[in-house]
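Subject: Structure handover

Hello,

Here is the structure for you to look through. My notes on what turned up follow below it.

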Amino acid sequence: MTLRPMITACGLLLCAAMTHPALAQAPASSAPANPFAGLIRFGGTVASASGNGFVVHSQQGGDVKLTLPAKPNIMMSGKGTVADLGAGKFVGCTAVKRADNLLHATECHIFPESMRGMGEGHNPMGPPNTTMTNGNVATMTNGQVTSKAGGASATIKVTYKGGQQSIQVGPDASITKIEAGTPAMLKPGVKVNGAAKPAADGTAEVVFLSLTP
């Protein structure tokens, strides 16, 4: 399992399917390309860490023992601002088409350069009139969005292979910056979520890990 299909399946991002607060078996699917088949999802707080192993205490109680592979996929997320959505950034934006027929972002993830191109495109999501757009920010114009919340706003043009979308990003949109993480960041108290492959000894090897210091 590589990071690329995991990100694509999350609608890039990171990952809405991986934010479940408790350890749970990934839902079965008849689709042969399902990257979550046979994996478990976990979320909670690091209770302890030693060597390549660590224990996560889930938000609903109970502990899960996890191990890291030789080359783990670890991402760290932090709060960003509209100003971080500069030209040249690779982003993933969830947006809703409102009555004005424009796409208004509810959240945008800014990805590190190592993730450029992953999940690229413009696709519908579950809720009505909701889409996910992953691509490169070609231009950003400040102060173009009308929003109920006060603060910075912008219109960004996101380009991807085969098309482009203009997305309105108001101060009420959630902006998240994602950067590459390291095993050294796994310390008690750190919040994590991800997916892992279960082992016969009761542990599970991490496939993807996202943490919030």
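First, a term for the pairings below: two strands pair if DSSP finds at least two bridges between them. Helices (H or I, at least four residues) and strands (E, at least two) are DSSP runs, numbered from the N terminus.

Some ground rules. This is a predicted model, in which local features need pLDDT of at least 70, side-chain atom pairs count only at pLDDT 80 or more, and totals for chains, interfaces and linings use all residues. Residues are numbered from 1 along each chain as its sequence is written, and side-chain values use heavy atoms, with hydrogens and water left out.

**Confidence**

pLDDT is the predictor's confidence in each residue, from 0 to 100. The chain averages 82, and 79% of the residues score at least 70. Strand 11 (residues 163-169) has the highest confidence, at 97. Helix 1 (residues 3-9) has the lowest, at a mean of 36. Across residues 1-33 the pLDDT is below 50. That stretch still has 86 contacts in the model beyond near neighbours in sequence; contact means heavy atoms within 4.5 Å. Where pLDDT is low, the predicted coordinates should not be read in detail.

**Strands around strand 9**

Strand 9 covers residues 130-142 and pairs with strand 6 in the antiparallel sense, over seven bridges. A95 has T131 in strand 9 as its bridge partner. Strand 8 (residues 121-124) also runs antiparallel to strand 9, joined by four bridges. There, N123 stands opposite M132. Strands 8 and 9 form a hairpin with five residues between them. In its turn, N129 has a positive phi of about 60 degrees. Strand 10 (residues 154-160) is another antiparallel partner of strand 9, over six bridges. T141 stands opposite T155 in that strand.

**The disulfide**

How many disulfides does a search of the whole structure find? One. The cut-off is a pair of cysteine sulfur atoms within 2.5 Å. C93 and C108 form the link, with their sulfur atoms 2.2 Å apart. The link is right-handed, with 115 degrees about the S-S bond. C93 lies in strand 6 (residues 90-97) and C108 in strand 7, 15 residues apart. Are these cysteines buried or exposed? C93 counts as buried because its relative accessibility is 0%. C108 is also at 0% and counts as buried. Buried means under 20% relative accessible area, exposed over 50%, partly exposed in between (1.4 Å probe, protein chains only).

**L103**

L103 sits in strand 7 (residues 103-111). L103 is buried, with a relative accessible area of 7%. Beyond its neighbours within four places in sequence, L103 contacts A95, V96, K97, H122, T131, Q165, S166, I167 and Q168. L103 and T155 are 52 residues apart in sequence, yet their C-alpha atoms are 9.8 Å apart.

**Cores**

A nonpolar core is a set of buried Ala, Val, Leu, Ile, Met, Phe, Trp, Tyr and Cys residues joined through side-chain atoms within 4.5 Å. The largest has 18 residues, of which F54, L66, L186, V192 and L209 touch the most other members. Strand 14 gives the largest share, four residues. Leaving out residues up to four places away in sequence, L186 touches V46, A49, F54, L68, V192, L209 and L211. A second, separate core of 17 residues includes I110, V137, I167 and V169.

Best wishes
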